[in-house]
Amino acid sequence: MLSRYKKIVEKFDLSGELVSCERYGEGHINSTYLVVMRDEGKETQYILQKINNNVFKDVDGLMNNIRLVTEFNREMITKRGGNPNRESLTLVYTKDGKTHYFNEEDCGYYRMYLFITDAIAYQKIEKPEYFYQSAVAFGNFANLLAQFDASKLVEVIKDFHNTKRRYENLINAINCDKVGRVKEVQEEIKFATGRKELCGKIVSLLESGQMPTKVTHNDTKLNNVMLDAVSGEPVAVIDLDTIMPGSICYDFGDSIRFGCNTAKEDEHDLSKINFNLELFSAYAKGYLSALKGSITKIEKENLAYGAILMTYECGIRFLTDYLEGDVYFHTTRDGQNLDRARGQFKLVSEMEKNLDKMQEIINNFEE
């Protein structure tokens, strides 16, 4: 592998000689490698990634988004006396000053980051403290970028959180019934269509300007936060492929959707799927404490609603894919997307019952 990637590594503005280049991490979209360089006896680690341009078709736009956000973050971190090489992703540019390199031999787009040392990205919530610290990390990320002009960013995935469009896709899938599954999911369809009014609220608030459009991460899972290997405190937010203009209610809501589920996302036994209000409280407190004064009144009023919205949206996406023959989400067994949809809808029901308590937790938070 060393010789295979030596030519690619050499295109980036690095000093020293290549020591190793090995597969790294558990990512499913991009191919990731840990690169070690040695210069005058000192070894430095980097992350090399081959960008999946089947998913991210506008690579130039994607990388410009990352360039703009990381440069802004690094400037803000430096101003407050922090360490930008540790607290932010740091792009390594090519020798000709570009954000990425196109390799003609494999038609691949490659980028490189400085490796963040002595930090861990956990794959699951082994301790409630990890979830709290991830909230602090994402809240800090949003706070750093609160003054960034989100209109500078391109939509790398169009209509990603346009729930109205996601609903239209579901209705089209029901009407087409491409693989003959509509008759077996009448209960799920009734659940989804009965909550059509959920779809437009945040979209309309953003379009009208009543809610500010900000930078959103759009993949706010625990494993996209680096926590210090010793203290367990947040170091940096990673995986910026899906940063786009949107609402912080989306990012908050998706974290709750992922983190407050007591079971696996594709759990077949719905009795195991419950909404953990204690974890919601921990995350809300961590997120709000890091946001400080950058959150607006209307954003705060809609954070809990954002959790219901993101869970509902994910559920109708799973249901749509099931009706279309499982063509988007990767599946390993029959009925997996249907189980995923049912699980999300179960969470929606429980969140609806707890909405007043969720909002009370947010309203009662004091810095």
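Asp-118 is found in the loop that runs between strand 6 (108-114) and strand 7 (119-120). Keep in mind as you look around that this is a predicted model. Although Asp-118 is not a glycine, its phi is positive, at about 55°. With a relative accessible area of 58%, Asp-118 counts as exposed, because the cut-off for that word is over 50%.

Asp-159 is another residue other than glycine with a positive phi, in this case near 60°. You will find Asp-159 in the loop between helix 4 (128-144) and helix 5 (163-176). Is Asp-159 buried or exposed? Asp-159 is buried, with a relative accessible area of 15%.

## Rings that pair up

Next, the aromatic side chains. A search of the whole structure turns up 15 aromatic pairs. One of them joins Phe-102 and Tyr-109 in a tilted arrangement, with 4.8 Å from centre to centre and 50° between the planes. Phe-102 is partly exposed, at 36% relative accessible area, and Tyr-109 is partly exposed as well, at 23%.

Phe-275 and Phe-280 make a tilted pair too, 6.1 Å centre to centre with planes 55° apart. Both of these residues, Phe-275 and Phe-280, are buried. They also belong to a cluster linked by ring pairs, together with Phe-131, Phe-252, Tyr-283 and Tyr-287.

## Charges over rings

Which ring does the charged end of Lys-152 sit over? That ring belongs to Phe-148, and the charged end of Lys-152 is 5.8 Å from its centre. Likewise, the charged end of Lys-201 sits over the ring of Tyr-305, 4.6 Å from the ring centre.

## Inside the protein

In soluble globular proteins, nonpolar side chains tend to be buried together. Here, the largest nonpolar core has 102 residues. Which of its members touch the most others? They are Ile-202, Phe-252, Ile-256, Phe-280, Tyr-287 and Leu-319. Helix 10 (residues 297-323) gives the most to this core, contributing 15 residues. Phe-252, Phe-280 and Tyr-287 are also members of the ring cluster described above.

Setting aside neighbours within four places in sequence, Ile-202 is in contact with Met-211, Ser-247, Cys-249, Tyr-250, Asn-302, Tyr-305 and Leu-309. Tyr-305 is the residue whose ring lies under the charged end of Lys-201.

Terms used. Residues are numbered from 1 along each chain as its sequence is written. This is a predicted model: local features need pLDDT of at least 70, side-chain atom pairs count only at pLDDT 80 or more; totals for chains, interfaces and linings use all residues. Side-chain values use heavy atoms; hydrogens and water are left out. Rings of Phe, Tyr and Trp (its six-membered ring) pair if their centres lie within 6.5 Å; planes under 30 degrees apart count as stacked, over 60 as edge-to-face and the rest as tilted. Buried means under 20% relative accessible area, exposed over 50%, partly exposed in between (1.4 Å probe, protein chains only). A charge sits over a ring if NZ of Lys or CZ of Arg is within 6 Å of the ring centre and within 35 degrees of the ring normal. A nonpolar core is a set of buried Ala, Val, Leu, Ile, Met, Phe, Trp, Tyr and Cys residues joined through side-chain atoms within 4.5 Å. Helices (H or I, at least four residues) and strands (E, at least two) are DSSP runs, numbered from the N terminus. Contact means heavy atoms within 4.5 Å.
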